[in-house]
Amino acid sequence: MADESGCTIGIDVGGTSIKAGVMSLDGDILKTVEIPTGEIVTQDAYQRIVAGLRGLVAEAGRTDGDVRAMGLDVPGPVDDEGHVGFFPNIQLDPEGLSAALGEAFPSAQLAFVNDANAAALGELWKGSAAGIGSFVMVTLGTGVGGGVVIGGRLVPGAFGAAGEIGHITVVPEGEERVCGCGRHGCLEQYASAKGVVWLYRRECERRGVAGVTVAHDTDTLSVFRALRDGDECARVAVDAMCEYLGRALAQISTIIDPAVYLIGGGVAGGFDLFSAQLSACFRAHCLSTSSSARILPCSLGNAAGMYGAAFAALRAAGLA
């Protein structure tokens, strides 16, 4: 008999809030909510989240006991045993939060998944990668992340570092800027939103021109708008981003050889402007045997992580 009342919750954990969605076991979103959190390290914080999730479940017409699985995507490494590593950008005690959620939703299987890996799972379940068994998702946001799926299964890695393509070294020497990981010359320094803006500003400075007004260090919208308007500095910057990223994808193909690369994150908002150039750069550097790999945009946007976290929990519960 079908579990018609059963549901799953996908939770996207951020630095100041969480975004959660209650879904049917088939992945239809019933209700969503955003819950302000701050640091998630105290009983007060845990209970605030629990109360918000209970309210969400009730609004969706379900009970606490109907929640069969609950997945949390987190901005940090999660290994192939589901163990959570460090969090460089948020304050979160996963054990304390797990205990509070387990007490409130005793029928739910809990699962943690890295945020980029969750986005990949979301695209696999309900997005651009549905029906594609082998792909690599590349998230171009404030940083550069990724998720590797082979044979329909996520590959998080023994230490949770699989898919950290933002830290492939693309400039082995001469880069004075320090990446967030503490090293130099990482892909993230050139292909992230911050990287695109930096490349644009550098080209403007090299040419001695003012360029367009860029509101902040990750304002790729202004750079892409300038590119649409024929700004030569924007063209050089985006072409450079494609060259660095294309080289990195070519290296990935020698190891994983995926059928598809999915491009997501904020920078993907300009995908139509750089997709042809990125594909050309990739094919210029990859082995000929991998040249048929397609490069496609993601389709779920900011909801991908929420879908993927829910899907990971369903799989852990044996329901997907």
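Glutamine 43 belongs to helix H1, which covers residues 43-59; helices here are DSSP runs of H or I with at least four residues, strands are runs of E with at least two, and both are numbered from the N terminus. The model is predicted, so local features need pLDDT of at least 70 and side-chain atom pairs count only at pLDDT 80 or more, while totals for chains, interfaces and linings use all residues. Residues are numbered from 1 along each chain as its sequence is written, and side-chain values use heavy atoms, with hydrogens and water left out.

The C-alpha atom of glutamine 43 is separated by 8.2 Å from that of alanine 100, 57 residues apart along the chain. Glutamate 203 is placed in helix H5 (residues 193-207). The table sets out the accessibility of both residues, where buried means under 20% relative accessible area, exposed over 50%, and partly exposed in between (1.4 Å probe, protein chains only).

| Residue | Relative accessible area | Class |
|---|---|---|
| Glutamine 43 | 52% | exposed |
| Glutamate 203 | 7% | buried |

Glutamate 203 touches Cys233 and Val236, leaving aside residues up to four places away in sequence; contact means heavy atoms within 4.5 Å.

An open sheet of 5 strands has the order E8-E7-E6-E9-E10 with mixed pairing. Its edge strands, E8 (153-154) and E10 (294-297), each pair on one side only; strands pair if DSSP finds at least two bridges between them. Strand E7 (residues 144-150) pairs with E8 in the antiparallel sense over 2 bridges, and valine 149 stands opposite leucine 154 in E8.
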